[in-house]
Amino acid sequence: MNILPYSRICPARIFFCVLFLSVLLAGCSPAGSREAMADTESTPAPQEWSDNSSTLAPAVSPEWQNLRQALARDGLAGREVDALLATLGPRLEAPMGRKMTELYRSKFLRKKETGKKPAEDPNAVYKGVVTEQNAALCRQFLQKHSRAFAQARETYGVPSSIAVALLFVETRLGTVLKDVPENALYTLASMSQSTTLDSIPSWQAKMPGFEKHEDWFAATMPKRAAWAYNETKALVRYMVQNGIRAESMPGSFYGAIGLCQFMPSNIDQYAADGNGDGIIDLYEPEDAIMSLSKFLFKHGWKANGTREQHHAVLMRYNKSRKYANTILALAKLVAAPPAQKKAAPRK
């Protein structure tokens with residue numbers, strides 16, 4: 001390719017090149033840039049995770065940044081996620097401390113039993129639950145939410161007496177929604193970041209001889225933390241999708257939520273919108289009723305099933321024979337007409 005010397009370039013060509021460039025640059029005026037910025041500001045892009053610490057949102061405490069980054073890598077990033085994480089206070093030991101103490105005592109401190117253990121009654125129920133008084137409370141709840149129970153029964157074939165009995169056993173019909181002071185997000189988030197024995201120092205005294213079992217802690221705690229992270233991830237996704245606030249989400253020792261006490265990892269597959277408002281809120285009776293009925297149906301509940309089959313399905317909700325026995329017994333009492341009081345004899 002031949003290139004002409006600069007001295008031989010035509011001045012006219014230079015003029016037209018300059019003119020052409022001027023016109024081209026005019027299309028990149030500041031006004032065009034402001035329009036582009038306006039479009040961007042009207043629909044903010046999701047906040048992406050970056051190794052650059054300057055991108056960390058100041059609203060999220062430094063001790064939760066590892067969790068924030070992990071969630072971002074799994075596709076959960078942006079203002080809504082940061083707003084949830086910003087509600088978390090200083091990381092406490094209690095959530096993981098409770099769990100590890102329970103596991104430790106069960107594994108290392110349980111006294112060796114001597115002699116034959118008496119056989120457990122296969123029909124045993126929770127003490128004080130299957131009573132006429134509690135059945136009456138269930139009937140009142142059924143009447144108050146009759147439309148929701150009817151819809152769940154028609155959709156999934158789960159009798160209303162079973163559904164209401166399950167709600168009574170789980171949360172006393174929504175009157176007992178938590179057994180720890182922390183909300184569910186805090187409980188799970190804290191557990192997810194507690195991977196070593198050093199993260200629960202104040203609980204070590206509750207586990208005598210823990211020094212002899214440090215290998216067990218080193219193997220067990222990361223597994224529990226990984227489980228908690230998966231539940232945290234599911235809970236954050238659910239909260240963002242449905243606009244649920246952390247402070248309005250009481251939970252169990254291990255982060256179960258709502259009247260029906262779902263673990264967050266069950267929500268995507270089994271939760272349902274019972275009142276048709278486009279939001280799944282497991283603290284709303286209609287949504288909780290529909291969701292637990294869907295869970296039982298998906299695990300094999302059949303309207304014409306035997307007691308043994310129904311018992312097996314209920315144990316998928318909670319792996320306890322006594323739990324399933326209690327629900328079946330309370331449901332039977334709820335469905336039966338109230339016992340008539342004997343009239344006092346006339347004098």
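I count a polar contact as a pair of N or O atoms within 3.5 Å. I will need that for Ser 192. The model I am reading is predicted.

**Entry 1**

I looked up Ser 192 and found it in helix α9. The side chain of Ser 192 makes a polar contact with it, at 3.2 Å.

**Entry 1: Is Ser 192 buried or exposed?**

I looked up the relative accessible area of Ser 192, which is 8%. Buried means under 20%, so Ser 192 counts as buried. Next I set aside the neighbours within four places in sequence. Ser 192 is then in contact with Leu 67, Ala 225, Ala 228, Tyr 229 and Thr 232.

**Entry 2: Helix α9 as a whole**

I widened the search to α9, residues 184-192. How many of its residues are buried? I get 9 of 9, and the helix is mostly covered. Among the buried residues are Leu 185, Tyr 186, Leu 188 and Met 191. Thr 187 and Ser 190 are buried too.

I asked what covers them. The cover includes α3 (65-73), α4 (79-85), α5 (94-109) and α10 (214-242).

I also looked at the start of α9. There a side-chain oxygen of Asn 183 reaches to within 3.1 Å of the backbone nitrogen of Leu 185.

**Entry 3: Helices α13 and α14**

I moved on to α13 (residues 307-317) and α14 (residues 321-335). How do their axes cross? They come within 9 Å and cross at roughly 120°. That makes α13 oblique to α14. The crossing is right-handed.

I listed the residues that meet. From α13 they are Arg 307, His 310, His 311, Leu 314, Met 315 and Tyr 317. From α14 they are Arg 321, Tyr 323, Ala 324, Asn 325, Ile 327 and Leu 328. By class, I find 7 nonpolar, 3 polar and 2 charged residues in this contact.

**Entry 4: The whole chain**

I finished with the overall figures. The protein chain has 14 helices and 0 strands. I looked up burial across its 347 residues, and 41% count as buried.

How values were computed: Residues numbered from 1 in each chain as written. Predicted model: local features only at pLDDT ≥ 70, side-chain atom pairs only at ≥ 80, totals over all residues. Heavy atoms only, no water. Buried < 20%, exposed > 50% of the residue type's maximum accessible area, 1.4 Å probe, protein only. Helix = DSSP H or I, 4+ residues; strand = E, 2+ residues; numbered from the N terminus. Contact = heavy atoms within 4.5 Å. Polar contact = N/O pair within 3.5 Å; in protein donor to acceptor, adjacent residues only side chain to side chain. Axes fitted to C-alpha atoms, helices over the stretch in contact; angles between N-to-C directions. Parallel < 35°, antiparallel > 145°, perpendicular 65-115°, else oblique. Left-handed = near helix turned anticlockwise from the far one by under 90°. Nonpolar A, V, L, I, M, F, W, Y, C, P; charged D, E, K, R; others polar.
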